[in-house]
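I opened my notebook to look up a few things in this model. Here are my entries, topic by topic.

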Amino acid sequence: MIPTHYFLILSAILFTIGVCGVLTRRNGITIFMSIELMVNAVNLTFLAYARQFHQLHGMIFVFFVMAIAAAEAAVGLAIFLSLFHHRETIDVDEANLMHW
Amino acid sequence: MNLTPLLEAHWINAILPELVLCIGGMFLILFDAFAPKARSLTGPIAVVIFILCAWSQRFVAVGTFFGGTYEVGGITRVFDITFVLAGILCTLLSADYLEREGITGGEFYALLMWGTVGMMMMAKGLDLLIIILGLELLSICIFVLLGFQRRLPVSNEASLKYFLMGAFATGFILYGTALFYGATESTNINVMARWFANPDVTITPLLTVAFVLLMAGFGFKLALAPFHPWAPDVYQGAPTPVAGWLSVAPKAATLIALIRIFHAMGPVLPQTKWMTIVAWLAVLSMIIGNSVAIAQRDLKRMLAYSGIAQVGYMTIAMLTINEDAVASIAIYTIVYALMNLGAFGVISMLAKNQNDPQTLDDIAGLGWRRPFHALALAVCMFSLSGLPPTGGFVSKFYIFRTAVQSGHTGIALIGIITSIASVYYYLRVVYYLYMKESAEGQTRIDGGIFATGALAISIIGIFLIGIWPTPLFHAASYAAHLLLAR
């Protein structure tokens with residue numbers, strides 16, 4: 001059996017890649033994909049622990065997290081569509097009407 | 001996980017207020033679709049549904065439900081009342097605002113109600129899963145509400161900013177939860193509390209990372225510095241009543257969820273530096289919020305920075321979880337809901353959509369043209385700055401007293417000093433209201449009957465709590481006692 005910490009290290013790496021993607025990319029959809037990567041890294045962590053503890057609890061959590069991510073994607077894509085209507089681009093740096 | 005408790009008796013009584021709001025929201029959407037001629041009635045019906053929800057609190061069963069994941073008690077009742085109050089005020093303000101802006105659609109109020117359900121789940125959740133589900137239900141409703149004026153680019157931009165930052169923050173909360181699950185083998189707060197209470201427990205660096213991730217996520221939802229930069233932009237771009245609601249209710253829900261989590265961690269907090277992190281967040285919020293607010297001329301941005309500072313005050317009380325701390329936060333959130341929604345209410349009546357900034361010049365000389373609306377704004381500003389005899393004074397005093405009694409004198413002192421500095425920008429609004437001449441071509445104030453009613457509720461509430469706070473204090477202290485007695 002593969003030791004649990006292998007999965008944990010992999011998920012930590014995936015999460016970090018996701019965070020870096022959010023911070024460096026400027027295309028709205030790419031940022032959103034990076035956030036999805038973070039969420040999936042979390043799912044991997046939950047599954048690894050659930051396997052180690054022989055619990056269903058962590059696996060049920062994963063189902064809910066997937067449902068949350070799907071709901072967020074539905075609303076998020078509508079927001080990007082609306083942004084595209086206004087600006088003809090989904091570059092988030094272009095969304096700069098408000099400054100202090 | 002044992003699934004049979006789902007069928008336990010009285011479960012319907014446990015979630016009665018949530019059921020009322022869920023069904024009420026669906027009814028409003030159908031009503032809007034099938035009776036388009038009676039659209040002007042959706043606002044009043046929404047208020048009635050909120051009042052029904054408050055009334056249904058009488059029949060709520062107290063206890064733990066759904067396999068130990070959902071706890072209903074005195075403190076959740078106090079917070080439910082806060083959420084419903086914020087919902088009613090926002091609905092009343094929106095009824096006139098939406099008509100003026102030409103927005104139709106019963107889904108506006110439905111989203112407000114479902115967001116309130118999410119907050120109730122956060123307040124009652126005894127499992128991190130329930131808290132996160134409530135948080136997401138709330139967040140998704142907020143994304144849509146912020147972008148509700150989709151023809152306006154700023155509204156869309158506010159929605160985009162909150163969406164990206166909110167989804168990012170949720171990722172942090174989830175990862176923090178996963179790491180805590182790895183240590184405690186459960187996401188149930190009571191089971192976690194038992195694990196933390198074990199004297200042999202060692203705090204690994206991984207747990208500290210988990211706590212930092214959790215605080216980063218919740219700090220974003222609370223608009224605590226340094227996670228605050230979204231707040232001014234989002235408030236400025238959002239429909240004004242929604243901005244008022246957003247600045248009040250989700251913060252209250254996040255605070256009560258954090259109180260539960262901190263209480264569970266209580267036994268290990270002395271051997272960690274976790275509360276030092278929280279203290280720094282509070283100090284930064286108070287300093288940044290109050291000093292940047294001075295530089296703002298846009299009223300909504302000023303209130304956004306003032307909100308950052310106000311959350312800083314509430315966070316001070318959370319540094320040590322005891323009865324006084326919980327009670328003072330509960331009272332502060334109620335008063336904050338009244339005064340902040342009142343202030344946003346007056347701004348929402350300025351006959352200007354949010355594409356143009358609503359600045360101090362728009363309210364110059366208002367005291368002589370519209371005495372009642374000016375008075376409401378002035379009372380809210382006095383209360384926000386914490387001057388007696390308003391509710392703001394009482395609640396702020398209680399917060400700082402709790403902090404000093406728990407031994408956080410230095411931080412309380414920073415709070416008091418920054419709070420004195422804040423009087424400058426709050427009273428500058430009053431100065432513009434009464435001492436400035438109104439220029440030609442002044443912005444009109446369009447206050448309908450509903451919005452004026454909301455302002456009246458705010459003023460009465462602020463003075464009632466300011467002059468006669470004893471019943472509320474007793475109720476909150478008793479509720480806090482029950483929460484912590486476990």
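This is a predicted model: local features need pLDDT of at least 70, side-chain atom pairs count only at pLDDT 80 or more; totals for chains, interfaces and linings use all residues.

**Entry: salt bridges**

I began with B:Asp32, which is buried because its relative accessible area is 9%. (Buried means under 20% relative accessible area, exposed over 50%, partly exposed in between, with a 1.4 Å probe and protein chains only.) B:Asp32 forms a salt bridge with B:Arg39, and their closest N and O atoms are 2.8 Å apart. I noted that a salt bridge needs a side-chain nitrogen of Lys or Arg within 4 Å of a carboxyl oxygen of Asp or Glu. B:Arg39 has 32% relative accessibility, so it counts as partly exposed.

Residues are numbered from 1 along each chain as its sequence is written, chains are lettered from A and ligands numbered from 1 in the order in which they are written, and side-chain values use heavy atoms, with hydrogens and water left out.

Next I looked up B:Lys124. It forms a salt bridge with B:Asp80, with the closest N and O atoms 2.8 Å apart. B:Lys124 lies in helix α5 (residues 107-124) of chain B and B:Asp80 in helix α4 (residues 74-101) of chain B, so the pair ties together parts that are 44 residues apart in sequence. (Helices, H or I with at least four residues, and strands, E with at least two, are DSSP runs numbered from the N terminus.) B:Lys124 is buried at 1% relative accessibility. B:Asp80 is buried too, with a relative accessible area of 1%.

Which side chain meets A:Arg87 in a salt bridge? I found B:Glu157, at 3.5 Å from N to O. This pair crosses between chains, from helix α3 (residues 57-87) of chain A to helix α7 (residues 153-184) of chain B. B:Glu157 has 0% relative accessibility and counts as buried. I also found a network of salt bridges that links A:Arg87, B:Glu157, B:Lys161, B:Asp233 and B:Arg301. Over all chains, the structure holds 11 salt bridges.

**Entry: helix packing in chain B**

I turned to helix α13 (residues 274-294) of chain B. It packs with helix α19 (residues 409-435) of chain B at about 20°, and the axes are 9 Å apart. Axes are lines fitted to C-alpha atoms, for helices over the stretch in contact, and angles run from 0 to 180 degrees between N-to-C directions. α13(B) and α19(B) are therefore roughly parallel to each other. (Angles under 35 degrees count as roughly parallel, over 145 as roughly antiparallel, 65 to 115 as roughly perpendicular and the rest as oblique.) I listed some residues of α13(B) in this contact, including B:Ala279, B:Val283 and B:Met286. On the α19(B) side I noted B:Ile411, B:Ile414 and B:Gly415, among others. Contact means heavy atoms within 4.5 Å.

How do α13(B) and α14(B) cross? Their axes come within 7 Å and cross at roughly 150°. α13(B) and α14(B) are therefore roughly antiparallel to each other.

I then followed helix α14 (residues 299-317) of chain B to helix α15 (residues 323-349) of chain B. They pack at about 175°, with their axes 10 Å apart. α14(B) and α15(B) are therefore roughly antiparallel to each other.

**Entry: loops and backbone**

I looked for cis peptide bonds. One joins B:Ala225 and B:Pro226, with omega about 0°. B:Pro226 is in the loop between α9 (205-222) and α10 (230-237) of chain B. The bond from B:Pro388 to B:Pro389 is also cis, with omega near 5°. B:Pro389 is in the loop between α17 (371-385) and α18 (391-405) of chain B.

B:Ala223 is not a glycine, yet its phi is positive, near 60°. B:Ala223 lies in the loop between α9 and α10 of chain B. Is B:Ala223 buried or exposed? B:Ala223 counts as buried, at 0% relative accessibility. A:His54 has a positive phi of about 55°, although it is not a glycine. A:His54 lies in the loop between α2 and α3 of chain A, and it counts as exposed at 73% relative accessibility.
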